[in-house]
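Please view the sequence and structure below first.

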Amino acid sequence: MKKNVFICLVMMGLVACNTGTTTNDPTLNSETWQWQLPAFFPTPAVPADNPMSVAKVELGRHLFYDQRLSGNGTQACGTCHLQEKAFTDGLETAIGSTGQAHPRNAQHLSNVVYNATMTWANPALTSLERQMEVPLFGDSPIEMGINDTNKAEVLQRFQQDTQYQQLFQQAYPQDTQPVSFANIIRAIASFQRALISGNSRYDQFLTQQAVLSDSEMRGKNLFFGEKAECFHCHGSFNFNDQVRHAGTRVVELPFHNTGLFNIGGTGDFPFPNRGVFELSGRAQDMGKFRAPSLRNVAVTAPYMHDGSIPNLEAVLDFYAAGGRHITEGIYAGDGRKNPYKSDLVTRIALTEQDKADIVAFLKTLTDDEFLHNPKFANPFITKP
């Protein structure tokens, strides 16, 4: 069986874990949770010590959008994760609450519950709870800017707020003092797990509720075929290659060097964006980053870990060339010849029409319902 046919079958039949869309709508105070999933999505994995609940998700939504959760009270999680951009920010690299630039592009949060790792290049960050500690408390770079000098003040902002007292009590009814950083982290992680995107036009096509144009169909066939070979890194139901769900037995954590840089022909990537190498120190990990999910990819520009490719057309040019050749400046070097580049990234003979068709297909992965779902929206903004 050809690989592309196999991948398509996997996408349609990956799970017997979930057989349809749930219709139950539990009340806010209920500690039960019913996933609202497409029939071909598996049941997400949830840590035993942080079970889902409607109340916890609602608390997490408020906290996610609340600027008071930063040390100086100027920035929320939602500042760098905008719903209309699939919860990224549209910038090349993120900017922290103190104005400090982050070295990496803010990743989108569509279906983040299915990610096996949570950042561009850290194999050890495998839970949303652990990941949340990085933007909250990290100091290199500073994101939310919470530290020992302002920790008590930040917590007090929520302890003294009447609405939050109620929200925390609903989410953690067994706790005598529910307003804590541990519970803040658990609630935001629960909200992020609820960010399910599975109603794009392509999803509707899979369930025979929509049709694709001739160009989109050609793009789909190229994407899942041996010519463009996009499916090797983006072939799962979530269009990435690091996937974990409740039925997962073996978790694979591939990271890839795509030939974005090759400084001076040495294989180097710019510090501090050198991928898994930054943690492992192994030469073969230079430039290795996670392949992100392509769901809602049309609204998440710019692309790559450093935001250095501005649009989908340029991304297709980059992959068709088998890497990027930088001819001048401090980063000059031929990424196509990077000694650590993945064998999956080679020159591809794509015509301009081929590339346009693939872009047309990628745009079918946009889930407008997800981008405008009021359940995921900022609760502090009153709509007219």
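Which residues does Gln192 touch, not counting residues up to four places away in sequence? They are Phe64, Leu109, Val112 and Leu128, where contact means heavy atoms within 4.5 Å. This is a predicted model, in which local features need pLDDT of at least 70, side-chain atom pairs count only at pLDDT 80 or more, and totals for chains, interfaces and linings use all residues. Residues are numbered from 1 along each chain as its sequence is written, and side-chain values use heavy atoms, with hydrogens and water left out.

**Gln192**
- Helix α7 (residues 181-193) contains Gln192; helices are DSSP runs of H or I with at least four residues, numbered from the N terminus.
- Gln192 has a relative accessible area of 5% and is therefore buried (under 20%, 1.4 Å probe, protein chains only).

**Lys220**
- Lys220 lies in helix α9 (residues 214-223).
- Beyond its neighbours within four places in sequence, Lys220 contacts Tyr202, Phe205, Leu212 and Phe361.

**α9 and α13**
- The axes (lines fitted to C-alpha atoms over the stretch in contact) of α9 and helix α13 (residues 352-363) come within 7 Å and cross at roughly 95°.
- α9 is therefore roughly perpendicular to α13 (65 to 115 degrees between N-to-C directions).
- Residues of α9 including Lys220 and Phe223 meet α13 residues, among them Phe361 and Leu362.

Technical notes. Helix = DSSP H or I, 4+ residues; strand = E, 2+ residues; numbered from the N terminus. Buried < 20%, exposed > 50% of the residue type's maximum accessible area, 1.4 Å probe, protein only. Axes fitted to C-alpha atoms, helices over the stretch in contact; angles between N-to-C directions. Parallel < 35°, antiparallel > 145°, perpendicular 65-115°, else oblique.
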